[in-house]
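User: Hi! Could you walk me through this model? I'd like to start with the aromatic side chains.
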Amino acid sequence: MKSTFTAVLIAAMFVMGINPVSAQIPIRELQRTSGLTISGEIKSVVGNEFILDDGTGQVIVDAGPHWYHQLDLREGERVTVVGKYEGYDLDAFTITRENGEVLQIRDSEGPPPWSGGRRRHNRNR
């Protein structure tokens, strides 16, 4: 029954022109789930973490460790983030800038490429 309802809901979303994978979720309604898409303005940046505000609330976005990759994100920049909400922050999979540039942070499946720390990462190079 639940799977039938879900299938009908997804079909209805497509008919209405809404892609269920990229449907916007207000920050105040975030729940632990993967594949979320949120958009907003960057309020503060520390390393590869930043606070994203969509007007309904704020969330910390984690884009991986600074030693793995360095992102050039700026306060005031508007971005769209696809990721997984962990209850206290959003682990980013991709970050899309207003100009359409997509920053690939990590795959949505499996552990992030930086898991295991710097040592493991340096051995795999």
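Analyst: Happy to. Rings of Phe, Tyr and Trp (its six-membered ring) pair if their centres lie within 6.5 Å; planes under 30 degrees apart count as stacked, over 60 as edge-to-face and the rest as tilted. This is a predicted model, so local features need pLDDT of at least 70 and side-chain atom pairs count only at pLDDT 80 or more, while totals for chains, interfaces and linings use all residues. Residues are numbered from 1 along each chain as its sequence is written, and side-chain values use heavy atoms, with hydrogens and water left out.

User: Great. How many aromatic pairs are there in the whole structure?
Analyst: A search of the whole structure gives 2 aromatic pairs. In one, the ring centres of Trp67 and Tyr68 are 6.1 Å apart and the planes are at 85°, so that pair is edge-to-face. Trp67, Tyr68 and Trp114 form one aromatic cluster.

User: OK, zooming out. Which pattern does the chain follow?
Analyst: Along the sequence the pattern is α-β-β-β-β-β-β-α, with 2 helices and 6 strands. Helices (H or I, at least four residues) and strands (E, at least two) are DSSP runs, numbered from the N terminus. Buried residues make up 32% of the 125 residues.

User: Which strands does it pair with?
Analyst: E3 (residues 58-62) runs parallel to E5 and is joined to it by 3 bridges. E4 (residues 78-85) is antiparallel to E5 over 7 bridges, and E6 (residues 102-104) is antiparallel to E5 over 3 bridges. Two strands pair if DSSP finds at least two bridges between them. Leu90 in E5 stands opposite Val61 and is also the bridge partner of Tyr85.

User: What about the turns? Which residues there have a positive phi?
Analyst: The E4-E5 hairpin has 3 residues between its strands, and Gly87 in that turn has a positive phi of about 95°. The E5-E6 hairpin has 4 residues between its strands, with Gly100 in the turn at a positive phi of about 95°.

User: And the largest nonpolar core, which residues touch the most other members?
Analyst: Of its 20 residues, those are Phe50, Leu52, Val81 and Ile95. The elements giving two or more residues to this core are E1 (33-46), E2 (49-53), E3, E4 and E5. A nonpolar core is a set of buried Ala, Val, Leu, Ile, Met, Phe, Trp, Tyr and Cys residues joined through side-chain atoms within 4.5 Å.

User: Switching to charges: how many salt bridges are there?
Analyst: The whole-structure search gives 5, a salt bridge being a side-chain nitrogen of Lys or Arg within 4 Å of a carboxyl oxygen of Asp or Glu. Among them, Asp72 and Arg74 have their closest N and O atoms 3.0 Å apart, and Lys84 meets Glu86 at 3.6 Å.

User: Is Arg97 buried or exposed, and which residues is it linked with?
Analyst: Arg97 is buried, at 14% relative accessible area. Its side chain meets Glu101 in a salt bridge at 3.2 Å, N to O, and Glu77, Arg97 and Glu101 are linked in a network of salt bridges. Glu101 is partly exposed, at 36%.

Conventions
Buried means under 20% relative accessible area, exposed over 50%, partly exposed in between (1.4 Å probe, protein chains only).
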